[in-house]
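Please keep the structure open while reading.

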Amino acid sequence: VNLPAFLVVLKSTRYWSSKASCYEEYDKSLCLQMAGRAGRPQFETEGQCVIMTERSKVHRYRNIMEGLEEIESNLWPSIREHLNNEVGLLTVRSIEDCEEWLRSTFLGVRIFVKPRYYANQMKLPAMGPGELLREMCKRAIEDLKSLEMVSIDVETGRVEQLEPGRILSHYYLKLDTLKNFQKCKEHLSLEGSLWLIAASSEFNQTIIRRAERRTLNALNTKGGLKYFVPQQGKPAKPLKSLKTPCQKVFLLIQEALSISQA
């Protein structure tokens with residue numbers, strides 16, 4: 001959404017990470033993206049951004065805003081999902097195409113600037129940037145092949161997307177989610193299916209807020225849902241206080257389905 005403004009205020013530089021269960025600093029690129037909203041090209045010649053942070057962090061954010069702190073790519077952790085999309089779009093049809101595509105990304109540019117940094121991310125020994133880029137492509141494609149997302153023709157080296165890969169692309173799923181789906185039993189119960197969906201990595205950022213805890217607990221104990229979150233060791237009794245985001249999602253999916261059927 002394009003919503004530029006003359007003045008942008010970042011009232012805090014930290015957010016609550018449900019994965020780490022603590023407050024973490026915003027990523028550099030996210031700060032630049034928010035600050036970049038300052039200034040309306042059609043109305044002003046400049047913009048202002050006010051960053052409210054701890055005194056000990058002032059130097060860091062001043063360097064980010066002045067362009068003195070380098071920004072690195074975060075593509076590698078999700079490169080397989082992106083590569084699968086490119087195979088589906090027929091942009092990548094071979095290892096050579098994969099290398100050409102990766103060179104055009106910000107990751108490809110940064111590999112040639114700081115190859116040791118990205119080699120450490122992959123837990124590889126130090127190597128030249130070209131060799132590292134080829135190794136990244138090789139690993140990503142082999143991972144997709146092992147998960148039956150793509151096939152590789154032994155004679156021609158042609159890479160083609162398979163049905164699981166098309167599902168991953170079409171529904172914008174994360175690879176870990178599809179992995180879990182592939183591991184599930186052939187005949188899974190409805191309750192088991194709901195738990196499987198609730199445990200998807202797409203919901204990793206979900207949190208149980210203090211203001212909604214009472215409502216969620218009431219929904220689980222006397223909400224009239226078909227399935228409730230049971231107490232540990234007592235499957236016949238509902239849990240009185242939800243503890244994990246997965247449990248929250250499990251209930252909300254049922255609530256949404258019951259509303260749509262009403």
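In this predicted model, the largest nonpolar core has 30 residues, and those that touch the most other members are Ile-79, Leu-83, Leu-102, Leu-107, Leu-132, Met-136 and Met-149. Two or more residues of this core come from each of H3, H4, H5, H6, H7 and helix H9 (175-183). H7 supplies the largest share, 7 residues. As background, nonpolar side chains in soluble globular proteins tend to be buried together.

Lys-123 lies in the loop between H6 and H7, and its phi is near 60°, a positive value in a residue other than glycine. Lys-123 counts as exposed because its relative accessibility is 78%, and the cut-off for exposed is over 50%. After H7 comes Glu-148, whose phi is positive, near 60°, although Glu-148 is not a glycine. Glu-148 belongs to the loop between H7 and S5. With a relative accessibility of 53%, Glu-148 also counts as exposed.

Next is H3 and its packing. Two packed helices are described by the angle between their axes and the distance between the axes. Helix H3 (residues 79-88) packs against helix H7 (residues 129-146) at an angle of about 80°, and their axes are 10 Å apart. H3 is therefore roughly perpendicular to H7, since angles from 65 to 115 degrees are classed that way. On the H3 side the contact is made by Ile-79, Arg-80, Leu-83 and Asn-84, and on the H7 side by Ala-140, Ile-141, Asp-143 and Leu-144. By type, the residues of this contact divide into 5 nonpolar, 1 polar and 2 charged.

H3 also meets helix H8 (residues 163-170): the two axes come within 9 Å and cross at roughly 105°. That angle makes H3 roughly perpendicular to H8. Here Glu-81, Asn-84 and Asn-85 in H3 meet Gly-165, Leu-168 and Ser-169 in H8. What is the division of the residues in the contact of H3 with H8 into nonpolar, polar and charged? There are 1 nonpolar, 4 polar and 1 charged. Asn-84 is listed in the contact with H7 and in the contact with H8.

The buried residues of H3 are Ile-79, Glu-81, Leu-83, Asn-84, Glu-86 and Val-87. H3 is followed by Leu-90, whose phi is positive, near 65°.

The last stop is a pair of residues later in the sequence. Lys-248 is placed in helix H12 (residues 245-261). Is Lys-248 buried or exposed? Lys-248 counts as buried because its relative accessibility is 6%, and buried means under 20%. Beyond neighbours within four places in sequence, Lys-248 is in contact with Thr-206, Ile-207, Ile-208, Arg-209, Glu-212, Leu-216 and Leu-242.

Ile-208, one of those contacts, lies in the loop between helix H10 (190-198) and helix H11 (213-222). At 15% relative accessibility, Ile-208 counts as buried. Not counting residues up to four places away in sequence, Ile-208 touches Arg-213, Leu-216, Leu-242, Lys-243, Thr-244, Pro-245 and Lys-248. From C-alpha to C-alpha, Ile-208 and Val-159 are 43 Å apart in space and 49 residues apart in sequence.

Methods
Residues are numbered from 1 along each chain as its sequence is written. This is a predicted model: local features need pLDDT of at least 70, side-chain atom pairs count only at pLDDT 80 or more; totals for chains, interfaces and linings use all residues. Side-chain values use heavy atoms; hydrogens and water are left out. Axes are lines fitted to C-alpha atoms, for helices over the stretch in contact, and angles run from 0 to 180 degrees between N-to-C directions. Helices (H or I, at least four residues) and strands (E, at least two) are DSSP runs, numbered from the N terminus. Angles under 35 degrees count as roughly parallel, over 145 as roughly antiparallel, 65 to 115 as roughly perpendicular and the rest as oblique. Contact means heavy atoms within 4.5 Å. Ala, Val, Leu, Ile, Met, Phe, Trp, Tyr, Cys and Pro count as nonpolar, Asp, Glu, Lys and Arg as charged, and the others, Gly among them, as polar. Buried means under 20% relative accessible area, exposed over 50%, partly exposed in between (1.4 Å probe, protein chains only). A nonpolar core is a set of buried Ala, Val, Leu, Ile, Met, Phe, Trp, Tyr and Cys residues joined through side-chain atoms within 4.5 Å.
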